[in-house]
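Morning, everyone. Please have the viewer open, and follow along as I talk.

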Amino acid sequence: MSDRKITIEYNDKVVRQFMLASLIWGAVGMLVGVLIAAQLNFWQLNFDTSWLTWSRLRPLHTNAVIFALVGNMMFAGIYYSTQRLVKARMASDFLSALHFWGWQAIIVSAAVTLPFGFTRGKEYAELIWPINIAVALIWVVFAVNFFWTLARRREPSLYVAIWFYISTIITITVLYVVNHLSIPTSLTHSYPVFAGVQDGLVQWWYGHNAVAFFLTTPILGIMYYFLPKAAERPVYSYRLSVIHFWSLVFLYIWAGPHHLLNTALPGWLQNLGMTFSLMLWAPSWGGMLNGLLTLRGAWHKLRTDPVLKFFAAAVTFYGMATFEGPLLSIKSVSALGHYTDWIIGHVHAGALGWNGFMAAGMIYWMLPRLWSKPLHSVPLANLHFWIGTVGILLYVAAMWVSGITQGLMLNATTDNGTVLAYPNFLDTLNTIRPLMLMRVIGGTLYFTGWLLMAYNVWQTVRGSVTVNGTIEVFDEEPSHEEPKSMSLLGAFLNPPVLFIIFGGLFACAWMFGGNFVSIAGLVGGIICCVLAYAHYESRGKAWGDWYNRLLVNTLPFTVLTFLAIVAGGMIQIIPTVVAHNATSNEDRKQIPYTPLELAGRDLYVRDGCYLCHSQMIRTLVPDVLRYGDYSRLGESIYDHPYQWGSKRNGPDLARVGGKYPNVWHVRHMEDPRSISVGSNMPSFPWLISNQLDTSTLTTKISVQRTLGVPYPNWTPEQIAANVDKQAKAIAADLKTAGSLIAPDKEIIALVAYLQQLGHYESTPVAKPTGAP
Amino acid sequence: MFKRLILEDSAAIFTLFAFITAVTIFVAITWRALRMKTPQLTRFENLPFAPETPAARHDTDA
C-alpha cells in the first residue's frame with residue numbers, strides 16, 4: 001500500500017450552478033404560485049388569455065417548484081455531499097456540465113410548452129413526450145456520473161445519505177419511465193398506454209412516489225449530511241437512520257392508492273394503500289426525531305444561526321406533513337378532505353416548510369464555503385426565516401380551515417341524509433373566499449422571504465472569488481477494515497436472500513396454487529421458516545457478514561434497493577392490469593368517443609379542466625346526492641389519460657352530459673359568471689374563436705385503436721364526415737337557441753365531449769370468481 | 001344503494017401478504033441495526049466530518 005498523499009479538488013462549480021439555478025427557478029415557481037392563488041380570488045387576473053389562464057399556469061407552478069426548485073437544490077446537495085462523503089471528485093466534469101445544462105434546457109422547454117397547452121394531462125407528468133425523453137436521458141447522465149463516482153471512491157463505506165441518493169436515482173427512473181409510457185400522435189401530443197383505473201393507479205403510484213423519492217428521500221440524504229455538519233455533531237442515532245432508510249424505501253412505494261380512496265379503484269387496493277400509508281408514520285417520525293435530536297446540545301445556536309433555524313423548522317414541518325399524510329389516508333378522513341383545499345395545505349406544508357426551508361438552510365450553509373466570503377447579512381437571513389415561517393403558517397392554516405369547511409359543507413345533508421344542506425356548489429366557494437385571500441398573503445410573504453435570500457446571496461457573491469473544496473487522501477486510502485468485495489451474484493447466493501426468495505415462492509404457491517400446490521406451498525413455507533431460524537441460530541455470523549459487506553458494495557446494494565421498491569409497484573399494478581378488462585367493469589362499459597368528442601376531450605385536457613373538475617363520483621352519499629350515481633370502473637375503461645381528477649375547485653363532471661342544453665355550455669365557457677353568479681372560473685373565449693384542428697384525428701384514432709379502444713377501421717374521409725355531421729347538428733341546435741357558432745370552432749367539439757359524459761353501455765353484472 | 005363488486009377476490013390476499021412482508025422486513029432491519037457494533041457506528045456517523053484541507057484552488061467560473 002502506498003503512503004503517497006494526493007490532493008483531490010472537488011467539482012464545486014456544478015454545485016454553485018445548481019444552487020443558483022434553484023434560487024432563480026424557485027423565485028419563478030413561487031411568483032407563478034402567488035399569481036394563480038390570486039386568480040382564484042380575482043378571476044380578472046386570468047386576462048381572458050389562454051396562456052395566462054389558471055389551468056395552464058398551475059402545471060407550470062407545480063413543475064417549477066418540484067423539478068426546478070427542488071430538483072436543482074437536490075442536485076446541488078447531492079453533488080456537494082457525495083464528493084465529500086466518498087472522498088472523490090465527480091467522475092466526469094463533462095457529464096456534470098451536461099447534467100446541469102440539460103436540466104435547465106428541460107425547465108425552459110417546460111416553461112414554454114405548458115402555458116401554450118402542450119400537456120399529457122397527468123398531474124406532475126404533464127410534459128410532452130419529447131421532453132420526457134430528454135428528462136430520461138439527462139437522468140441517466142446524472143446516474144452514470146453518480147455511480148461512476150461511487151466506483152472511484154476512496155472511502156469504502158457508504159454513509160446513509162448515499163443510500164438515500166441511490167434509492168432516489170433508481171426509483172425515479174422506474175416511476176418516470178412507467179408513468180410516461182405513451183404513443184405519440186404528433187410531435188407535441190401523445191396518449192398514455194394506460195387507461196381508466198390502470199392509468200389512475202399508475203399515475204398515483206408515480207405521483208405519490210414523486211413526493212417520496214424526489215421531494216423526500218434526496219432531501220433526507222441532504223438532512224443526514226448537512227444537519228450534523230451545521231450542528232457540528234454526528235447524527236443522533238445511526239441505527240435509527242438505517243431503520244429509517246429501509247423501512248421508508250420499502251413502505252413508501254405501496255401507498256399511492258390512498259389518492260384514490262372511495263373511488264372505483266378495487267377495494268383491496270384501497271385497503272393496501274391505506275394500510276401502508278398508516279405504517280409510514282413509524283419511519284417518517286423516526287427520521288424526523290433523528291433529525292431534531294441531532295440538535296441535542298446545540299439548541300442554543302438556533303438563536304443566532306439562521307442555518308440551524310431553517311433546518312430545525314424544516315424537519316419539524318417534515319414531521320407535521322408526514323403525520324398529516326397518513327391521517328388523510330384513512331378512508332373516512334379522505335371522504336372529508338379529498339378534493340378540497342386541505343390537500344393543498346398538506347402539500348404546501350411539505351413543499352414550503354420541508355423542501356423550501358431545507359433548501360434555504362443548505363444554501364445559507366454552502367454559500368460562504370463556495371464563495372470564500374462570509375454571508376452578507378445574518379440579520380437578513382433571520383428576517384427571511386421569520387417572514388417565511390409566518391407565510392407558511394398563514395398559508396397552511398388558511399388551507400386547513402378552507403379544506404375542512406369545504407368538506408363539511410359539500411358533505412352536509414339534512415332530512416336524515418336524503419337532502420344536501422348546501423346544494424349550490426358556489427355556497428362553498430363564497431364561504432372560503434376570505435381563506436383563499438389569506439393564502440395569497442401567506443404565499444406572498446414566503447415569496448418575499450425567498451427574494452430576501454436572493455438579495456443576500458447576490459450581495460455575498462458580488463466581488464467574491466469562487467473556491468473549490470479540496471481534501472488530501474492517500475493515493476491508496478488505508479482502510480480501517482479490509483474492503484470486503486461482493487459480486488452481484490454474491491449478493492443473492494447467500495442464506496438470508498435465498499431463504500427470503502424460497503419463502504416468497506412457497507407463500508405464492510400457498511396463496512395462488514390449486515389444492516395440491518397450495519398444500520405444498522404451505523408445508524414448504526413452514527419448512528423454509530424453520531430452516532431459516534435454525535440456520536440463523538447456528539450461522540448467525542454469516543448473515544451479519546453478508547449485511548456488512550452489502551454496505552460497502554454499491555452494485556449489490558443498488559440492486560437490492562431496486563427490488564425493494566419494485567416489489568411494491570408490481571404487486572399493485574400487475575393484478576390491476578390483469579383485472580382491467582371488459583369482464584371486470586362492474587355493470588357498465590364506456591362507449592368510445594366519436595371523433596368530434598375525442599377532439600373535444602383533447603381540448604378539455606389541453607386547457608387543464610381536470611385540474612378543477614373531477615370525473616369520479618365516489619361511493620359516498622353526498623357525492624351521489626350532488627352529482628348522480630357513483631362512478632363504475634368500466635365507465636372510464638377507454639380514457640387515455642384517465643380524468644378522475646384530484647381537486648374540486650368546481651363541481652364533478654362525471655354525469656354532466658345531458659344535464660344542461662348545448663347553449664348553456666357555450667355561454668358558460670364564454671363567461672361563467674353570466675350563468676353562475678359569483679363563479680371564479682376563468683373565461684375561455686378563445687374556444688369560441690379558435691378553429692378546431694382535425695388534421696391529426698386520423699392518427700389519434702389509429703393510436704387509440706392500437707391501445708385497445710374498439711374504433712372501427714375508419715378512413716380519413718369517414719372520420720371527417722363523422723365530425724362534420726355531429727358538429728353541424730350541435731351548431732344547428734345552438735342556432736335554434738340563439739347562439740351563432742360555426743361548426744368548425746373548438747367550442748363545438750368541447751360541447752360534444754361534455755354532453756357525452758355519463759353515457760355508458762349497460763353490461764351483464766360480472767360475478768366474482770367462485771361465486772355461485 | 002352502494003355495491004362494490006370484488007371481481008378479483010384472489011387479489012384481496014395481496015393486502016395481507018404485503019403487510020406480513022413489510023412487517024418482516026421492518027423487524028429484520030431493526031434487529032440488524034440494533035446489533036451493529038459501536039466502532040462500526042462511530043465510523044459511519046463520523047463520515048461527514050472528514051477534515052477538508054484548508055487549501056482551496058480559486059476559480060472564476062461561477
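First, the ground rules. This is a predicted model, where local features need pLDDT of at least 70, side-chain atom pairs count only at pLDDT 80 or more, and totals for chains, interfaces and linings use all residues. Residues are numbered from 1 along each chain as its sequence is written, while chains are lettered from A and ligands numbered from 1 in the order in which they are written.

Start with chain A. Its secondary structure comes to 27 helices and nine strands. Those are DSSP runs, numbered from the N terminus: helices are H or I with at least four residues, strands are E with at least two. The radius of gyration of chain A is 28 Å, close to the 28 Å of the globule rule for 772 residues, so chain A is as compact as a globular protein of that length. That radius is taken over C-alpha atoms, and the rule is 2.2 Å times the number of residues to the power 0.38. Along the principal axes, the C-alpha atoms of chain A fill a box of roughly 90 × 75 × 55 Å.

How much of chain A is buried? Buried residues make up 52% of its 772 residues. Buried means 20 or more other C-beta atoms within 10 Å of a residue's own; exposed means 12 or fewer; partly exposed is in between; and the C-beta atoms are placed from the backbone.

Now contacts. Two residues are in contact if their C-beta atoms, placed from the backbone, lie within 7 Å. Take the contacts in chain A between residues at least 6 apart in sequence: 83% join residues at least 24 apart.

Chain B next. It has two helices and one strand. From the N terminus on, the order is α-α-β. Of its 62 residues, 16% count as buried.

Back to chain A, and its domains. The assignment gives domain 1 (5-463), domain 2 (488-579) and domain 3 (589-762). These bounds come from an automatic or database domain assignment. The C-alpha centres of domain 1 and domain 2 of chain A lie 33 Å apart. Their contact takes 24 residues from domain 1 and 17 residues from domain 2. Which helices supply the domain 1 side? Helices α4, α5, α6, α8 and α9 of chain A each give at least two residues. By class, that side has 20 nonpolar, four polar and no charged residues. Here Ala, Val, Leu, Ile, Met, Phe, Trp, Tyr, Cys and Pro count as nonpolar, Asp, Glu, Lys and Arg as charged, and the others, Gly among them, as polar.

Take α4(A): at 1.5 Å a residue, its 23 residues should span 33 Å, and its end C-alpha atoms are 33 Å apart, which agrees. The expected span is 1.5 Å times one less than the number of residues. Buried residues in α4(A) include Trp129(A), Phe142(A) and Phe146(A).

Then α7(A), residues 217-231. Its 15 residues reach 21 Å from first C-alpha to last, close to the 21 Å expected. Where does α7(A) bend? At Met223(A), by about 25 degrees. The bend is the angle between axes fitted to the seven residues ending there and the seven starting there. α7(A) is mostly covered, with 14 of its 15 residues buried. Glu232(A) follows, and its phi is positive, near 60 degrees.

Most residues other than glycine have a negative phi, and most peptide bonds are trans. Lys87(A) is not a glycine, yet its phi is positive, about 55 degrees. Lys87(A) lies in the loop between α2 and α3 of chain A. Asp415(A), also not a glycine, has a positive phi of about 50 degrees. Asp415(A) sits between β4 and β5 of chain A. With 8 C-beta neighbours inside 10 Å, Asp415(A) counts as exposed. The peptide bond from His640(A) to Pro641(A) is cis, with omega near -5 degrees. Pro641(A) is in the loop between α21 and α22 of chain A.

Ser646(A) lies in the loop between α21 and α22 too. Ser646(A) touches Glu123(A) and His259(A), leaving aside residues up to four places away in sequence. Ser646(A) and Glu123(A) are 523 residues apart in sequence, but 8.8 Å apart in space, C-alpha to C-alpha.

Last stop: Asn662(A), in helix α22 of chain A. With 23 C-beta neighbours inside 10 Å, Asn662(A) counts as buried.
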